[in-house]
Amino acid sequence: MIPFSLLAGALVLLVVGATDAALNGYQINCGATSEQVAGNVTWVPDGPFVSSGKVAELSSRGVMPMLSSLRYFPDASARKHCYVVPAERHARYLVRTTYYYGGFDGGRAPPVFDQVIDGTRWSAVDTEAAYARGLATYYEAAVEAAGKELSVCLARSGGTAAGRSPFISALEVVPLEGSVYSAVNFTAYALSTVARHSFGRGGSVVGYPGDRFNRYWEPYGDGSTPVVESQASVATEAFWNKPPEAVFRQGLTARRGKSLDLQWPPAPLPAASYYLALYFQDNRAPSALSWRVFDVAVNGQLFFAGLNVSTAGSMVYGAPWPLSGQTRITLTPAPDSPVGPVINAAELMMVVPLGGRTHPRDVIGMEALARGFLNPPSDWRGDPCLPKGTSWTGVTCNEDPLARVIAINLTNYRVGGSISDHIANLTAVSSIWLVGNNLTGPIPDMSPLHHLASLHLEDNGLTGPLPESLGSLTRLQELSVQNNNLQGSIPSSIRNRAMGDISFRFKYTPGNNLS
């Protein structure tokens, strides 16, 4: 599977992003202890969204407030470290992670690690080159929330050196309107931002005035291609992707009768499918005798024929569009067009197949277990099973298209709290070992767990009766509940199996008050 972001944008540290109105969603300042305002964006502390990691304050001078602290994750035993943000099921979101190392751990270069969205491995995070230039690095994706939460996680990888810790400076999760990037089937794919540029504009900014989603439109120009300016208003509400009006203020053009040939994006692309959106506007006053018509080609292949650009602006897009290596966009004017072609802005995003999902009923069951436990393993957040190799500590899953939890083993993890009734959601589980913890409360009904073969709850503080439903689980071969505080009669279904089935091993003493 191709990772989300093989290319990342770099942020200049001294400039603060701004929008014309306050953003919706979440702008999270990782490691911060209080709110901070930058422009019209209020950055909130990350405490409500993450349950592990340590905080570092950076001594770098002049950095943006959102980069002056970070959270890092030194626990190498955890398979991943997740931020969990409330979401609306099937709503679409722009997710952006930002990293500024700042030498927080005394190293000379940032560590390398992976980032994950829900069950999909997003990309490697390698910020060394940008950090060496005094820059932060961001990664961005457009995704659809499968449930009522969206998780963004960091995980060690084969590239993470011993003793190094994943870290994060900022996390943004901004809801997108339904029309934005709607040509993509977000139930099967995500989009990873490769490039988003405003052509003909100089300077460096973070964010862009007027973009309601605070997308970064970076300046782009080669210094030799003619630049056009426009003062005409553009009703961007008519555009599916809702670009800010400001990106139409400048553009690149060519003289009459000449093609405009643009190598964009600057870096070569890995072979993949992409979502490409191009934005145009004629900067001249409307006239019945003037028009600006041209063909659009990408790497010599016709992308759009006879595009007639007016002051109202135009957008053309293609997805999925195969690209690899250096990419050229060529605008060829119609033979009778009185002026040359023009282009104002462009977006390029990799179309990424999702890495899979855990069955929703298992997600509900595991999240309820985690809420019921005190001091569960620190990685019991995010997707319980995926990506492969990053399942929750003590959790084993199968590799079905909808992954299922098949075993839980938290022996001697010092977990407290109680066992949620929602454990009954785990209908594919065959083994549950919660031995040697500090669990209290009753043993819940597990009658739906028809695949359960081994249940070990010994050496806890469980109370109440032994559920009779356990005797109806025909595949159950091991039932161990000794050294608890259970009371009452041993259900006849369990007693009869223990007496008549030599393969059924039932242990309830010492401890307990069962008869």
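Student: Which residues does Leu 171 touch?

Tutor: Skipping residues up to four places away in sequence, Leu 171 touches Tyr 26, Gln 27, Ile 28, Cys 30, Trp 43, Tyr 83, Val 85, Val 95, Arg 96, Thr 97 and Val 152. Contact here means heavy atoms within 4.5 Å. Keep in mind that this is a predicted model: local features need pLDDT of at least 70, side-chain atom pairs count only at pLDDT 80 or more, and totals for chains, interfaces and linings use all residues. Residues are numbered from 1 along each chain as its sequence is written, and side-chain values use heavy atoms, with hydrogens and water left out.

Student: Ok, and which residues touch the most other members of the largest nonpolar core?

Tutor: Leu 171 is one of them, along with Tyr 83, Val 95 and Leu 150, in a core of 46 residues. Strand β11 (residues 136-144) gives the largest share of this core, 5 residues. A nonpolar core is a set of buried Ala, Val, Leu, Ile, Met, Phe, Trp, Tyr and Cys residues joined through side-chain atoms within 4.5 Å. Buried means under 20% relative accessible area, exposed over 50%, and partly exposed in between (1.4 Å probe, protein chains only). Strands (E, at least two residues) and helices (H or I, at least four) are DSSP runs, numbered from the N terminus.

Student: What lies apart from that core?

Tutor: Another core, of 41 residues, including Ile 408, Leu 410, Leu 439 and Leu 466.

Student: Switching to sulfur. How many disulfides are there?

Tutor: The structure holds 2, where a disulfide is a pair of cysteine sulfur atoms within 2.5 Å. Cys 82 is joined to Cys 153, with S to S at 2.1 Å. The torsion about that S-S bond is about 105°, so this disulfide is right-handed. Cys 82 sits in strand β7 (residues 81-86) and Cys 153 in strand β12 (residues 149-155), so to speak distant parts of the chain, 71 residues apart.

Student: Are Cys 82 and Cys 153 buried or exposed?

Tutor: Cys 82 is buried at 3% relative accessibility, and Cys 153 is buried at 0%.

Student: And which cysteine does Cys 385 pair with?

Tutor: Cys 397, again with S to S at 2.1 Å. The torsion is about -75° there, so the disulfide is left-handed. Cys 385 lies in the loop between β28 and β29 while Cys 397 is in strand β29, so the pair ties together parts that are 12 residues apart in sequence. Cys 385 and Cys 397 are buried. Counting the bonded cysteines in sequence order, the pairing is 1-2, 3-4.

Student: What about Cys 30?

Tutor: Cys 30 is in no disulfide, and the nearest cysteine sulfur, that of Cys 153, is 13 Å away. Cys 30 counts as buried because its relative accessibility is 0%.

Student: New topic: which residues of helix α2 are buried?

Tutor: Asp 362, Val 363, Gly 365, Met 366, Ala 368, Leu 369 and Ala 370. Their cover includes β27 (357-358), β28 (373-374), β29 (395-397), β30 (402-403) and β31 (405-409).

Student: What span does α2 have?

Tutor: Helix α2 (residues 360-372) has 13 residues and reaches 18 Å from its first C-alpha to its last, close to the 18 Å expected at 1.5 Å a residue. The expected span is 1.5 Å times one less than the number of residues.

Student: Last one: where is Leu 307?

Tutor: Leu 307 is in strand β22 (residues 301-309), and it is buried, with a relative accessible area of 6%. Leaving out residues up to four places away in sequence, Leu 307 touches Phe 280, Arg 292, Val 293, Phe 294, Val 296, Ser 314 and Val 316.
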